[in-house]
Structures are given as C-alpha cells and as structure tokens.
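Please look through the sequence and the structure shown here before reading the notes that follow. They are grouped by topic for a reader who is new to this molecule.

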Amino acid sequence: MDAKRQQLEEKLELQLMQAAHTAAELQALEQGDRVPHFDEIEMRDVHSMDGPIELTEPVAHCRRCRRSFFPSAKNAGV
Ligand SMILES: [Zn+2]
C-alpha cells in the first residue's frame with residue numbers, strides 16, 4: 001500500500017470516528033438525562049450514507065402457544 005493511500009485511509013477512519021462521536025453527542029442532547037425505553041430505540045430510523053434503510057425482521061407464529069416469536073437467522077433456514 002502506498003503512503004498516500006494509507007494516509008487517506010487513516011484520515012477516513014479518523015473522520016468516521018469523529019462523526020460517530022458527534023452523532024453520539026447530538027443523541028445525548030436529544031435524550032437529556034433519561035435513558036430511552038427499548039420501544040423508543042427500536043422505533044428509530046436507520047440511516048446509511050446513502051439514505052434511510054428499511055429493516056426487516058422475520059416473525060413466526062406458534063399456533064399451539066398462540067404467540068409470535070422472532071426466529072434467529074440460524075433457525076430460519078437462511
Ligand atoms: Zn409454541
């Protein structure tokens with residue numbers, strides 16, 4: 001790897017870490033002193049560098065138990 005490429009990769013890594021810290025600080029300002037409930041955390045939109053991402057989660061239903069559950073990828077036949 002040439003020196004210029006290594007320099008740019010180190011610069012990118014530093015800037016990504018700075019962006020993550022800034023995002024965490026902004027989130028802390030929004031939250032104040034309270035800890036968000038899981039409902040709130042799970043309702044947040046996920047954004048990539050290309051825009052919002054739609055997350056999907058497989059849900060299965062057991063007729064015997066009459067309950068829905070979330071199978072792991074390991075058991076989902078993936
Ligand atoms: Zn069951």
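Is Arg34 buried, partly exposed or exposed? Arg34 is partly exposed, with a relative accessible area of 45%, where buried means under 20% relative accessible area, exposed means over 50%, and partly exposed lies in between (1.4 Å probe, protein chains only). This is a predicted model, in which local features need pLDDT of at least 70 and side-chain atom pairs count only at pLDDT 80 or more, while totals for chains, interfaces and linings use all residues. Residues are numbered from 1 along each chain as its sequence is written, and side-chain values use heavy atoms, with hydrogens and water left out.

**Helix H1**

- Helix H1 covers residues 3-31, and its 29 residues reach 42 Å from the first C-alpha to the last, close to the 42 Å expected at 1.5 Å a residue; the expected span is 1.5 Å times one less than the number of residues.
- Helices (H or I, at least four residues) and strands (E, at least two) are DSSP runs, numbered from the N terminus.
- At the start of H1, a side-chain oxygen of Asp2 comes to within 3.3 Å of the backbone nitrogen of Lys4.
- After H1 comes Gly32, which has a positive phi near 70 degrees.
- Gln18 also has its place in helix H1 and is partly exposed at 44% relative accessibility; its C-alpha lies 18 Å from that of Glu30, 12 residues away in sequence.

**Salt bridges**

- The count comes to two salt bridges, a salt bridge being a side-chain nitrogen of Lys or Arg within 4 Å of a carboxyl oxygen of Asp or Glu.
- One of them joins Glu9 and Arg5, whose closest N and O atoms are 3.1 Å apart, and both residues lie in helix H1, four residues apart, about one turn of the helix.
- An α-helix has 3.6 residues a turn, so residues three or four places apart point the same way.
- Glu9 counts as partly exposed, at 36% relative accessibility.
- Glu40 forms a salt bridge with Arg34, with the closest N and O atoms 2.9 Å apart, and Glu40 is partly exposed at 34% relative accessibility.

**Zinc site**

- The zinc ion has Cys62 (SG) and Cys65 (SG) as its protein donors, lying 2.1 Å from it; donors are N, O and S atoms within 2.8 Å of the metal (3.2 Å for Na, K and Ca), and water is not among the atoms, so sites may look incomplete.
- Cys62 is partly exposed, with a relative accessible area of 25%.

**Strands, loops and surface**

- Met49 is found in the loop between strand E1 (46-48) and strand E2 (51-53), where it counts as exposed at 82% relative accessibility.
- The C-alpha atoms of Met49 and Asp33 are separated by 29 Å, although the two are 16 residues apart along the chain.
- Val46, in strand E1, is partly exposed at 31% relative accessibility.
- Val46, Ile53 and Leu55 make a nonpolar surface patch of about 250 Å²; patches are made of residues with over 30% relative accessible area and no salt bridge, with like charges joined within 9 Å and nonpolar side chains (Val, Leu, Ile, Met, Phe, Trp, Tyr) within 5 Å, and accessible areas come from the Shrake-Rupley method with a 1.4 Å probe, where for residues only the protein chains shown count as cover.
- Arg66 lies in the loop between strand E3 (60-62) and strand E4 (67-69), is exposed at 72% relative accessibility, and has a positive phi near 60 degrees in a residue other than glycine.

Terms used: Polar contact = N/O pair within 3.5 Å; in protein donor to acceptor, adjacent residues only side chain to side chain.
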